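The following paragraphs lead the reader through a single protein structure. They begin with its overall make-up and then turn to individual parts.

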Amino acid sequence: MATFDSIPTPSCPLVRSTSTVVPPTEMTPSFLIDPKNKSYKHQYANIYFTRLTLLRSAVEERARARWDGLQSEPLHVARVLDIVKSQLCWVIGTVYMDMPLKPNVLEDIGRDHSIPAPPPREKFYCDEDSVMLEDESGRIKLVGNRVSEERLVTGVIVAALGMETPTGDFEVVDMCTAGPAIFAEEEILGSDAMDVDVDFSSTRDEYVAVISGLSIGSPSPADAQIQMLVEYLTGEAGGPEDQQLASQITRLIIAGNSLSLEEYNEEGEDEKRPRKFGASTQANFSPHPNLALSAHLHDLISALPVHILPGEDDPSGIILPQQPFPRAMFGKAATFESFYCESNPAWLRVRCDETESSIPNEGRTSSSKSNHPPVTRSLLVTSGQPVLDMYKYLPTPPSSLVSIAASTLRWRHVAPTAPDTLWCHPYRDRDPFVLRQTPDIYLVGGMPKFGTKLVGSEDGSGRAGRCCRIVLVPSFSQTGVLVLVNLRTLEVQCVDFGVEGLSAGGGEQRPSGDDGDVMAEG
């Protein structure tokens with residue numbers, strides 16, 4: 001008589017690890033737009049002036065520490081117009097990239113609309129680009145090899161050391177940016193709780209799962225992969241090892257592009273009708289993808305908390321910061337308290353409480369005498385528009401998507417190209433994209449490939465060993481990749497749901513190393 005192997009089961013019941021959302025502090029950035037301040041009558045120049053004011057002191061401090069000891073004793077010039085010819089000096093200002101291939105709204109308005117607009121360019125970069133440094137007094141052109149090595153984009157606040165040439169240009173010999181800010185959770189992580197002698201080999205670390213680009217409703221939907229994803233996160237799929245890992249996932253973050261733009265014409269409308277400002281074909285959203293998304297969210301929220309951000313393709317305002325989705329559009333899923341509609345970008349503070357460590361060990365449960373120390377992590381999450389926009393400014397190689405994301409931490413600004421080539425709200429007296437703190441985890445959704453990198457403090461202001469984990473989250477509909485980030489060690493894992501022959505990815509398992517420049521090259 002034939003015998004069958006028993007189905008493997010966990011040696012003890014699995015309990016999902018938990019984490020809690022910590023209330024924001026005074027330093028926590030907020031990307032929500034108050035209705036009383038939602039005005040579009042202000043000029044965008046206010047953002048640049050505010051940005052320069054907020055970051056000038058940080059740039060000046062690092063510049064003095066870097067250049068005050070030079071034998072030539074360079075002079076600090078307060079304004080661009082105060083630069084003295086043939087004298088070594090340094091000045092702080094805002095970078096402006098003068099690029100012939102960059103879109104010009106005035107040219108777009110003035111062109112003949114009877115002729116179809118050219119397709120958008122993949123890159124603005126060309127050999128004829130020039131770099132300007134400006135402040136409230138004026139503008140000067142920066143030249144020299146050091147300028148091209150810095151890989152700058154419009155809107156970055158820098159200090160330039162050099163000398164004005166007879167032709168009126170400023171020849172740069174060195175440059176300095178604000179550098180990474182202090183870590184948001186430094187005081188909490190520096191407490192005595194982190195010095196407890198813990199046997200991490202016998203602990204259950206908590207994870208946060210991140211996906212982006214479900215693109216429900218696209219012509220090539222990844223319905224099978226999405227259903228596999230839901231079953232995995234709810235613990236209904238996989239073997240004991242898969243279920244063990246799934247039980248350690250404390251929450252899910254959906255970083256944009258959950259729905260897909262469906263472009264179609266109603267009642268035989270002419271496809272060649274004039275389009276304003278080079279916009280694509282009129283976008284229409286079918287309600288059926290939203291119903292499918294709501295059903296998947298309802299299944300997920302019954303098992304773990306879910307945070308959802310709007311993206312470029314979602315039915316949300318196109319200007320940054322994108323405001324949270326209305327909860328009413330998600331049906332029964334909106335009734336759960338563990339369902340969070342976030343802005344884009346979003347800043348989350350997640351705390352893993354102190355728990356007793358216990359894992360299955362050869363058929364029995366072993367409890368560690370040491371407890372898991374509590375840990376709080378700050379997460380900065382975007383749907384990817386700022387990084388993709390800055391990608392157009394820079395040559396690739398040597399620049400890559402992950403190196404651009406790392407540069408935003410050095411510049412202390414999430415979206416420096418806004419409002420030049422990236423639409424954003426016309427703030428009058430603040431710039432919410434300025435980073436006053438460095439997050440522990442920086443998640444960037446909507447990327448074509450997976451990538452990751454650890455970025456530490458440059459100036460030694462942070463505690464020894466402190467690093468920010470940058471993670472580029474690829475489109476799930478194209479790659480079938482779910483990213484898991486360990487909230488305690490900041491290690492990254494990828495779970496691949498790609499199936500050969502289906503729409504969402506397929507092929508070999510995605511690596512999860514630190515060489516982000518290789519994995520995320522454009």
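Helices (H or I, at least four residues) and strands (E, at least two) are taken here as DSSP runs, numbered from the N terminus. On that basis the protein has 11 helices and 22 strands. This is a predicted model, in which local features need pLDDT of at least 70 and side-chain atom pairs count only at pLDDT 80 or more, while totals for chains, interfaces and linings use all residues. Residues are numbered from 1 along each chain as its sequence is written, and side-chain values use heavy atoms, with hydrogens and water left out.

Some totals describe the protein as a whole. A residue is called buried under 20% relative accessible area, exposed over 50%, and partly exposed in between (1.4 Å probe, protein chains only). Of the 522 residues, 50% count as buried. The protein exposes about 25100 Å², of which carbon and sulfur atoms supply 51%; such areas come from the Shrake-Rupley method with a 1.4 Å probe, and for residues only the protein chains shown count as cover. A contact means heavy atoms within 4.5 Å. Among contacts between residues at least 6 apart in sequence, 76% join residues at least 24 apart.

Which residues is threonine 94 in contact with, leaving aside its neighbours within four places in sequence? They are Tyr48, Leu52, Met132, Leu133, Glu134, Gly155, Val156 and Ile157.

The next topic is a sheet. Strands of a sheet pair through backbone hydrogen bonds, either parallel or antiparallel; two strands are taken to pair if DSSP finds at least two bridges between them. Strand β19 runs antiparallel to β20 (residues 467–474), and 6 bridges join the two. Isoleucine 470 in β20 stands opposite lysine 453.

Charged side chains come next. Side chains of opposite charge can pair when their charged atoms come close. A salt bridge is a side-chain nitrogen of Lys or Arg within 4 Å of a carboxyl oxygen of Asp or Glu, and the structure holds 15 of them. One of these joins the side chains of aspartate 431 and arginine 51 (2.9 Å, N to O). Aspartate 431 lies in the loop between α9 and β18, and arginine 51 in helix α1 (residues 45–67), so this pair ties together parts that are 380 residues apart in sequence. Aspartate 431 is buried at 5% relative accessibility, and arginine 51 is buried with a relative accessible area of 1%.

Another salt bridge links aspartate 174 with arginine 66, their closest N and O atoms being 3.1 Å apart. This pair also links distant parts of the chain, with aspartate 174 in strand β7 (residues 170–176) and arginine 66 in helix α1, 108 residues apart. Aspartate 174 is buried, at 14% relative accessible area, whereas arginine 66 is partly exposed, at 41%.

Arginine 79 and aspartate 82 form a further salt bridge, with 3.3 Å between the closest N and O atoms. Arginine 79 is partly exposed, with a relative accessible area of 36%, and aspartate 82 is partly exposed at 35%. Elsewhere, salt bridges that share partners join Arg66, Arg146, Glu150, Asp174 and Arg410 into one network.
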